[in-house]
Amino acid sequence: MDGDGRTAPYDDGELLTIGAFARASRLSPKALRLYDELGLLPPAHVDPHSGYRHYAPAQLERARLVAWLRRLGMPLARIREVCELAPDAAAVAVAAYWAQVEADTAARRDLAAFLVDQLERKNTAMTTPHTPLTMRCAALTDQGLVRPAHQDAAHAGPRLLAVADGYGPDGGQAAKAAIDALKGLEDQDLTSADLLGALEEAAHRAHRAAPAADEPTGSTTGSTLTALLRSGTQLALLHVGDSRAYVLRDSGLFQITHDHSLVQSLVDEGRLTPEEAASHPQRAQLLRSLDGATEFAPDLQLLEARPGERYLLCTDGLTGVVPAETIQQVLTAADGPDQAVRELIRLAREAGAPDNVACAVAEMTGA
């Protein structure tokens, strides 16, 4: 035991000063002090009077592993886990992390392509006359093969596309109420400048009307909501929860919403891989939704639509069992929105349909 109470388990020669250890491990003294504070790489001995750190030569292997993993961009919390593993298990963990990095890079590349395309559209829209658009659409829901109640809802109209996934004792009614709160927008003559505000206010009314948690049981009723509202070539997108919106363009299928769920936050932090998230026991836990227990915090964006594009809104009963590649194939091959939603529901049922399913598809066509 050291004089300051720290255990010194190393006995393999003369200790190294923090400067010498930093040079040997290719970690800066500042990084070593941080890793000590985090318990990731504590020194073998700390002088009780000066506080000066000393390290054992045997610690170099761990320090170099930390340095390499940091160069990979691995988060410190995950590095700590890897360092505690046996070499074979650590190798598996590093391979899994890098597979996640590659998947995330591909997703960001797709998102960057989508954003570049969207920004270029906004630039050309200022100088190029708009092509008049109409929106062919269809919506379909299914109870699935397992759930005892149907709590999903969907709407497809000339201007509005929406899906909602209810939960709790009155989840079905909550989802229906969320959709109903938006339906009046079909009859309003909105300009592109009004779209986002009108859509947000309608969804806010649904949120205000949501019941608070039931005190005796602690159970909460609420719903997700993902909706598109069109005016000309402009599409306002509102999203809260873990239902999703996708757009199919010439360059591919893009997910244009971000899940407001616990597992997605863990993926974002690098603590779960997307594959682990799919089977996580808390994958249904939402961080944002329409209910009386949370603040109203939807994501909002304005999109520029073009002829030939297809938009899909769906609940997690579809995305939980049907891969994105298959969804893209269906949206590409379908004769129209009606065939697309029927085929997507069929595929969800074919995959076991453990959850309710709701799909709404819109196709932009020249007027």
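This is a predicted model: local features need pLDDT of at least 70, side-chain atom pairs count only at pLDDT 80 or more; totals for chains, interfaces and linings use all residues.
**Reading a sheet and its helices**

Arg136 stands opposite Glu363 in S15.

Me: In what order do the five strands of the open sheet stand?

Reply: Strands of a sheet pair through backbone hydrogen bonds, either parallel or antiparallel. Here two strands pair if DSSP finds at least two bridges between them. The order is S4-S15-S14-S10-S11, with antiparallel pairing. Strand S4 (133–142) and S11 are at the edges with a single partner strand each, so one side of each lacks a neighbour in the sheet. On average, neighbouring strands are turned by 15° against each other, direction ignored. Ten bridges join S4 and S15 in the antiparallel sense.

Me: Which residues of helix H11 are buried, and which are exposed on the face turned away?

Reply: An α-helix has 3.6 residues a turn, so residues three or four places apart point the same way. Buried means under 20% relative accessible area, exposed over 50%, and partly exposed in between (1.4 Å probe, protein chains only). In H11 (residues 324–333), the buried residues are Ile327, Val330 and Leu331. Seen down the axis of H11, they fall within an arc of 95° (taken from the directions from the helix axis to the C-beta atoms), so they line one face of the helix. The face turned away from the buried side carries the exposed Glu325, Gln329, Thr332 and Ala333.

Me: How do helices H11 and H12 lie across the strands?

Reply: Axes are lines fitted to C-alpha atoms, for helices over the stretch in contact (heavy atoms within 4.5 Å), and angles run from 0 to 180 degrees between N-to-C directions. H12 lies across S4, S14 and S15, and runs at about 25° to S4. The buried residues of H11 pack against several elements, including helix H10 (316–319) and helix H12 (337–350).

Conventions
Residues are numbered from 1 along each chain as its sequence is written. Side-chain values use heavy atoms; hydrogens and water are left out. Helices (H or I, at least four residues) and strands (E, at least two) are DSSP runs, numbered from the N terminus.
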